[in-house]
Amino acid sequence: RQYCKSKTKTKDETGRDYHSMMKAIRALLLLLSLALSTSATAYISVVTGANGFVGRHVAYSLLRRSNELPHPQVIVCLVRPDKVLYEESYWNAHAADMQLYSKNYDENVCVKVMPYDMLDGGETLNVALEAAIENVGRSNPCPICVYHIASVFGPTPDPIKTGKENVRSTEDMVRTLDNLYRRHSNFKPRLVITSSMAAVRATDQTPLNGKYYTRKDWNTLSKLGENWGSCYQWSKAESERRAWELVKVCNEKYAREDGKGGREIEMVSLCPSFVFGPPPPMPTGMEDASNMSAGSCSYSLTLINQWLAGDSPVQSRLCADVRDVARAHLAAGALKSLPGKKADRRYILSTEQRLSSELTAQALIRGVERAQKSRSGGSINIDTSKIACDTQFTGGAIKIGEREVEAAERLERCLGVICRPVEETMQDMAEALLFGDAY
């Protein structure tokens, strides 16, 4: 009777219940995968760009799983040198909130925040990897998963130079892992590269199948020198290509030296579309920071703030929720075994079609209204009547509303990830930026 008399759930509430259930199922599958994937007694995870939008979510998700793991883990957060002190406070506060002990490896987690320079030829990365190995003990072999997320995105004074530096950073990553593997052959590395839809296609590039983009598509049109956007797109495609090439060279070299079944650098590439979503919650004691994203930077955050303020029109973007992107990273790092073909180790992370600018704006407004209702002792000063829409853009090679990528089935089957609706992402992001977290 109580069930029959209960209030009928709205579409929004039903969707949230479904995603909460799937979130729990994905967590169980991830832990089972970790338990089956290795007999090691520890886990080492290294995140480059750990104070960036995606990197912070990946590190936060790694920290959250610590209490459920059968063995301790070392999480190395690599950030710019001038961010180390702030990030140490940030992650120690999160560890305290989660009742984790972040100082000694003898407990369930050790969080190390270390400086990282993506242009130093791998020097700071090597120091960080050696420090992690020292933490677990050189005689205690375990897998090392490096999530290479750091990359420069956005306008710069010299976009051609920036594009080349992005590529060089990835090349140095693979070479550093190769050198480490030669010194510590009992610590098997896996590299999870955060690539981009920019590596899958250029603006207006026609899909190989003539219908929609798949993991087999590659950006063949973007060039250095046209504009910063084209330089960035080129750098993501070239970075991923070079990573695959160098990993292949390393593995062929190991095969000659070790024979079949010997050493191997494992690699997975993840190609997210434009990443939106709420930042992770601020930990206790740091809520008074300037905003929810204090210490982090993201073009996505800047863009949403501009849309909410009416400084630029809301655009239709093919996008992925940062929370789903983070889950995909952890799942890729925990896969028991990888497919044999390179193309099958490549995943597009995205909803499959664009939401119109009008529907995107409506979702943002709902987020503002939800934040205003939740706010006690005052109102949020956002004039939603100023939010405008870009109605001129109809889509690139594929029109808005049509299927643009093939992603959903493989993401769910292989990584256990279901991308949440764009409306939910935009609503949660607006609310989080204005009021509180929606993790």
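Just after helix 5, Gly 137 has a positive phi of about 100 degrees. Keep in mind as you work that this model is predicted.

**Exercise 1.** Work out how the reach of helix 5 compares with the span expected at 1.5 Å a residue.

*Solution.* 
- Step 1: Find the helix; helix 5 covers residues 123-136, which is 14 residues.

**Exercise 2.** Find buried residues of helix 5 and say what covers them.

*Solution.* 
- Step 1: The buried residues of helix 5 include Leu 125, Ala 128, Leu 129 and Ile 133.
- Step 2: Their cover includes strand 1 (43-48), strand 2 (73-79), strand 3 (109-115), strand 4 (144-148) and helix 6.

**Exercise 3.** Decide whether Thr 176 is buried or exposed, and list what it touches beyond four places away in sequence.

*Solution.* 
- Step 1: Thr 176 sits in helix 6 (residues 159-183).
- Step 2: Thr 176 is buried because its relative accessibility is 6%, and the cut-off for buried is under 20%.
- Step 3: Thr 176 touches Gly 121, Gly 122, Leu 125, Asn 126 and Leu 129.
- Step 4: Asn 126 is 50 residues away along the chain, yet its C-alpha is 6.4 Å from that of Thr 176.

**Exercise 4.** Describe the phi, location and exposure of Asp 204.

*Solution.* 
- Step 1: Asp 204 is not a glycine, and its phi is positive, near 70 degrees.
- Step 2: Asp 204 belongs to the loop between strand 5 (189-194) and helix 7 (228-258).
- Step 3: With a relative accessible area of 52%, Asp 204 is exposed, since exposed means over 50%.

Note on methods. Residues numbered from 1 in each chain as written. Predicted model: local features only at pLDDT ≥ 70, side-chain atom pairs only at ≥ 80, totals over all residues. Heavy atoms only, no water. Helix = DSSP H or I, 4+ residues; strand = E, 2+ residues; numbered from the N terminus. Buried < 20%, exposed > 50% of the residue type's maximum accessible area, 1.4 Å probe, protein only. Contact = heavy atoms within 4.5 Å. Expected span 1.5 Å × (residues − 1).
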